[in-house]
Amino acid sequence: MREMAPKPNQAYGRSSRISFTHHDADNLCADWLSQMINLYPAAQEIACMCIGTDRSTGDALGPLVGSHLEKMALPSLQIYGTLDEPVHAMNLHDTLSKMKRDLKQPRVIAVDACLGQLSSVGWIQVGNGPLRPGAGVNKNLPEVGQIHITGIVNVAGFMEYFVLQNTRLSTVMKMAHIISSAVAMAIQNVARSK
């Protein structure tokens with residue numbers, strides 16, 4: 001895939017996006033995330049809700065990110081959603097309830113795969129505001145987080161479940177690595193700035 005130049009970071013209410021093939025994708029995503037995390041100074045803890053399932057290649061982005069972050073063992077980060085314990089449509093409500101019991105005032109970064117236009121496949125989007133999981137496959141699920149990261153893993157518009165099942169694992173793995181690195185760097189940046 002051809003390397004694309006990043007769009008300039010816009011107002012925090014909108015998302016910034018970059019191709020996963022860009023040589024500095026993880027650093028740019030980390031900078032955007034750091035800025036957005038700092039918009040919530042009253043929050044006591046940081047949580048990452050990694051949504052998806054390991055039963056679908058395209059939808060495994062979130063659990064892969066969660067598993068990478070779990071291996072990093074960042075002390076200031078609570079992780080919900082890994083390959084071993086995915087967060088998906090069937091248990092999202094229960095997981096959100098558990099998070100409310102576990103944490104007082106978390107800043108929640110929600111991570112999920114999404115479908116988009118052909119020209120956008122491979123782009124990672126970082127945005128301020130909640131994530132609407134399942135919207136691409138017409139599921140009505142609760143919004144998650146104050147900050148969201150989405151990876152456009154394939155093309156939308158026709159037979160979305162089939163498209164997610166037939167997404168290239170290579171693309172998803174590379175995107176998951178960049179996103180997890182960006183989250184880790186952002187958390188370290190925020191900790192250093194205190």
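Cysteine 114 lies in strand β4 (residues 106-116). Helices (H or I, at least four residues) and strands (E, at least two) are DSSP runs, numbered from the N terminus. The model is predicted: local features need pLDDT of at least 70, side-chain atom pairs count only at pLDDT 80 or more, and totals for chains, interfaces and linings use all residues. Residues are numbered from 1 along each chain as its sequence is written, and side-chain values use heavy atoms, without hydrogens or water.

Cysteine 114 counts as partly exposed because its relative accessibility is 22%; buried means under 20% relative accessible area, exposed over 50%, and partly exposed in between (1.4 Å probe, protein chains only). Glycine 151 is 37 residues from cysteine 114 in sequence. Their C-alpha atoms are 5.9 Å apart. Beyond neighbours within four places in sequence, the contacts of cysteine 114 include Gln125, Gly151 and Val153 (contact: heavy atoms within 4.5 Å).

Strands β2 (residues 45-50) and β3 (residues 77-80) pair in the parallel sense over 4 bridges; pairing requires at least two bridges found by DSSP. Alanine 47 stands opposite glutamine 78 in β3.

The largest nonpolar core has 40 residues. Such a core is a set of buried Ala, Val, Leu, Ile, Met, Phe, Trp, Tyr and Cys residues joined through side-chain atoms within 4.5 Å. Leu33, Leu61 and Ile109 have the most contacts inside the largest core. Elements giving it two or more residues include α1 (25-37), β4 and α5 (169-193). The largest share, 11 residues, comes from α5. A second, separate core of 14 residues includes Ile51, Leu92, Leu96 and Leu131.
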